[in-house]
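I opened this model to look up its disulfides, its nonpolar cores and its aromatic pairs, and I keep the entries in that order.

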Amino acid sequence: MNTMTTRRRKKTTAPGIGRLVIAALLLLPHVTADLQEENNDVSEFQSPAAGQIPSDVEGQPVAPDEMLLEDTEPQREQEFNRKESDGAKTEEHPIQPPPSDEKPTDAPVRIGGTASGEPCVFPFLFLGKEYLGCTTEGRGDGRLWCATTYDYDQDKKWVFCETEEQAQQRRIEEETEEQYQAVVRMINTTTRKSQKKDLYKKLLNVAGKGHGKAMEKVAYAMLFGDYLAQNITQAKELFEKLALTGSPKAQTALGFLYASGLGVNSSQAKALVYYTFGALGGNLMAHMILGYRYWGGVGVPQSCESALTHYRAVANHVASDVSLTGGNAVQRIRLLDEVENPGSTSGMLEEDLIQYYQFLAEKGDVQAQVGLGQLHLHGGRGVEQNHQRAYEYFNKAANAGNTHAMAFLGKMYSEGSEFVPQNNDTALQYFKKASDLGNPVGQSGLGMAYLYGRGVPVNYELALKYFQKAAEQGWVDGQLQLGTMYYNGIGVKRDYKQALKFFNLASQAGHIHAFYNLAQMHATGTGVMRSCHTAVELFKNVCERGRWSERLMSAYSSYKDGDLDSVLVQYLMLAEQGYEVAQSNVAFILDQHGAKIFTENETYPRALLHWTRAAAQGYMVARIKLGDYHFYGYGTDVDYETAVIHYRLASEQQHSAQAMFNLGYMHEKGLGIKQQDIHLAKRFYDMAAEASPEAQVPVFLALCKLGIVYTLQYLQELNVKELLSQVDLDQLLGPEWDLYLMTVIALLLGTVIAYRQRQHQAVPQAPPGLHRPAGDQPEQEQEQDDPAEDL
C-alpha cells in the first residue's frame, strides 16, 4: 500500500517540476541581479544615460510592441508592419538615406527628450546603424527611445517611446522608489526596535504598490518575524509573485521553504531547482547553500569541485568586501551550552558590564577606552558596530598617549567611513606616532602606506621593513602583508613557501584574507599540493564571515526574547547555508519541543537530521546525541549497534568522556555488542574518569555498582556446598588446627567472664544492719538485681 502511494506521488510531482524548470528557463534571461546588489539593501539608480543619449527623465523600460499597439491606429499599424517587413527583406542590402524631398514615415507622438511631442521617424540612423523601431541602445537605464529625424547623429533630436499613461506610471514608480530609499535609509540608521517596527509598516505600504525590492524585504521580514508578525504563508505568496519576475532572492527563499518544508510540502527536488536559478541570478546565499550541498552530498551527488566553484564565487565577494579594519566579528553561540552550563560565558557582554566599562572610560581609564573603541569598531559580543563611538573612544585614549588608540585612528582615517572621512595624511601622522613608539599596528599601517603609496611615494623596501617589524611582534596584518609580498614577489623574490608560512600565521589569528589566500593556494596548487577538500573548507570559512552572519546574532536576540518560532526559522536558513552552530541550535530547539511551527511527530526526525549534519562537521556533542537518539529510538528505530558506532566515534576522534562512559555502560549491559564484557566496561569507565574530572563521581558510583554485580555474578557461578566439601582443613590450617581453635574459644570465654565480674563489682553494697529479708525488699530493688540489664 505504501509503495503504491509513493509511486502515485512521484507521478504527480514530476510534471510540476518540469513546468517549473520550463518557467525558470523562460525567466532566466530576465535575471539581471549582480553580486553587489545582493549585499546592499539600498540600491542606487544607474546612470541615466550612456553614449550620446541625454536623459533628463528616468523610468522603467517599456516593451516596444505594447507601446505601438496602444497608440497606433489600425491603418497606421498596417503601414508600420509593412515598413518593418520591407526592412526585414532588405537586411542583406542596406537601404540608402531617403531623398531630401521624400517625407519619412512617422510614428505616434512621444514625450520627453530634446523633441518632445514630435513623432518618431522609422528608420532612423544612430551611430551608423539604422533602427526600425524604438531601442534601448546607448542608454544605461533600459528606457526605449527613438529619433524624430532620420539622422540622429547629425540632428540630435529624440524622444522617449512612452505614452502619457506610461509616463504617469513611470512617475508613480519613481515616487515609490524614492519612498523605498527613504524608508531603507532610516531603517539602516536607527537602532531602536520600536522605530524599526514603524518603519517596516511603512515599507509594507511601499510593497503594496508593487515595488520589487520592498516586497523582498517585507517577505523576508514576515518569514523571519523581523519587526513584522511572522506569517510564513503570506511570505510564500510574495516570494512566488517575485519569483515569476525573476527575483533571485525570491527564488532562493522558495528553495529554502521547499527544503525545510515550511508552508509547503517538503521537496528537495524543487528546492534544488529554485536554489540553482537563484545562484544563476547571482544570489550569494544560493551559491553558499549549493556549495554546502555539494560538499556534504545533501540532496545531490557529493562533488568537491562543484562545491569549490560555488564557495569560491561567494568567497571572492566576501574577501573584497572586507576592509582594512578586518570586517565585522562573527559571534557563534550554542544554545545547548548555555542551558547545560549556565555559568559559562557565551562571549556576550552583559549590559551591566558594558555600562561599567563605559563608566571607567568616562573617568579616564585608557584601557577601557581602547577596549570599547575596538568593540565598536568591529562590533560583536552584543555590541553593534558604530564607527562614531569608536572614533570618540580612540580619540580620548590617543590624547592620553595610548599608541594602540593612535594606530587604530590611523586605520580609521586610512579606510574612511560615514563618520570618519578618508584622509591619507592624517592616517600617516597617527601611524608614524604609533610606530615611533614601537606599536605593531602603527608599523603595519606605515607598511601599507608605503606599499600602496598612500600619502607617501611607493617604497617596497620600507614597506617590507615595517611589515617585518609588525610581524615579529605577532601582529596579524604584518604577517598577512608579508605573505602577500612573498606571494606576488613585491619588493622581494617570489617565495611561495614563505607566503604559505605567513598566511598560516595570520590565519591562526582568524584573518579573513589569510583564509582566502590559503584557499586560493590549495585550490590552484600554488606552492602546495592541490587539495580540493582543504580549499573548500577554507573558502567555506571565508563565506561564513559574510554579512549574512549577522543573522546569528539576530536569531540569538529572538531566543532571548522567547520567540522560538522566529528563532527556529532563522537558524534553519543559516543551517541550510552550512553553519554548523545553526544546525546544532535547530536540533536543540526541536529536541526541547519549543517551537510550534512543526507538529509533534516531526520534531525528533528533523532534530535527528540536523544533529547528523552538525556531527558530520565535527561537533562532538552532536555525535553523542546521535548515539542517544539511536539508543532510545528518538526519531528512528532503537538501534544499539548504531549507537555504539556513534559513541565510539566520539570517543576515538574527540576523546569525549560522556561517550566513554556510555560505552562502558553498554559493555556492562551487553547492548550493541556481541557479548557482555565487564572488564572492558571497567576500562571505559576508567578512561572517562581520566578524560574529564567531572566524570569521576559518576564513574566511582558506576564502578561500585560494577563491583557488586561482579561479586554476585562470581558467587552465582560457584557451587558453595561443593567448595566446602572439597576444603581440607588439616591441609589448610595444619594437623593441630582444632587445638588452635579451642585455645581461641577459651580466651574469648575468659574475657567475657572477666568482663561480667568487673560489672558485678561496680554495683554498690548496702550498709550493715540495713539488710532486709528478700521478701521485704522493695519491688524496685528486686528488679535491679542484674546490673547488666541497666547497661
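I am working with a predicted model, in which local features need pLDDT of at least 70 and side-chain atom pairs count only at pLDDT 80 or more, while totals for chains, interfaces and linings use all residues. Residues are numbered from 1 along each chain as its sequence is written, and side-chain values use heavy atoms, with hydrogens and water left out.

Entry on disulfides. I began with Cys 532, which is buried at a relative accessible area of 11% (buried means under 20% relative accessible area, exposed over 50% and partly exposed in between, with a 1.4 Å probe and protein chains only). Its disulfide partner is Cys 304, with an S to S distance of 2.0 Å (the rule takes a pair of cysteine sulfur atoms within 2.5 Å). Cys 304 counts as partly exposed, at 26% relative accessibility. Because Cys 304 lies in helix H13 (residues 304-321) and Cys 532 in helix H25 (residues 532-543), this pair ties together parts that are 228 residues apart in sequence (helices, H or I with at least four residues, and strands, E with at least two, are DSSP runs numbered from the N terminus). The link of Cys 304 and Cys 532 is left-handed, with -115 degrees about the S-S bond.

By the same rule I find a count of 3 disulfides. Cys 120 and Cys 146 form one of them, with sulfur atoms 1.7 Å apart, and the torsion about their S-S bond is about -60 degrees, so this disulfide is left-handed. Cys 120 sits in strand S2 (residues 119-121) and Cys 146 in strand S5 (residues 145-147), 26 residues apart, and both cysteines are buried. Cys 134 and Cys 161 form a disulfide with sulfur atoms 2.0 Å apart, left-handed at -85 degrees about the S-S bond; Cys 134 and Cys 161 are buried. With bonded cysteines counted along the chain, the pattern reads 1-3, 2-4, 5-6.

Entry on cores. Which residues touch the most other members of the largest nonpolar core? Among its 149 residues, they are Leu 223, Phe 239, Tyr 571 and Trp 611 (a nonpolar core is a set of buried Ala, Val, Leu, Ile, Met, Phe, Trp, Tyr and Cys residues joined through side-chain atoms within 4.5 Å). Helix H8 (residues 212-224) gives the most to this core, with 9 residues. Apart from this core lies another of 16 residues, including Phe 122, Phe 126, Trp 145 and Trp 158.

Entry on rings. My search of the whole structure gives 31 aromatic pairs (rings of Phe, Tyr and Trp, the last by its six-membered ring, pair if their centres lie within 6.5 Å; planes under 30 degrees apart count as stacked, over 60 as edge-to-face and the rest as tilted). Tyr 220 and Phe 239 have ring centres 5.1 Å apart and planes at 70 degrees, so I log the pair as edge-to-face. Tyr 220 lies in helix H8 and Phe 239 in helix H9 (residues 232-244), so the pair ties together parts that are 19 residues apart in sequence, and both residues are buried. Phe 394 and Phe 408, by contrast, have centres 5.2 Å apart and planes at 5 degrees, so that pair is stacked. Phe 394 is buried at 0% relative accessible area, and Phe 408 is buried at 2% relative accessibility. Ring pairs also link Phe 122, Phe 124, Phe 126, Tyr 131, Trp 145, Tyr 152, Trp 158 and Phe 160 into a cluster.
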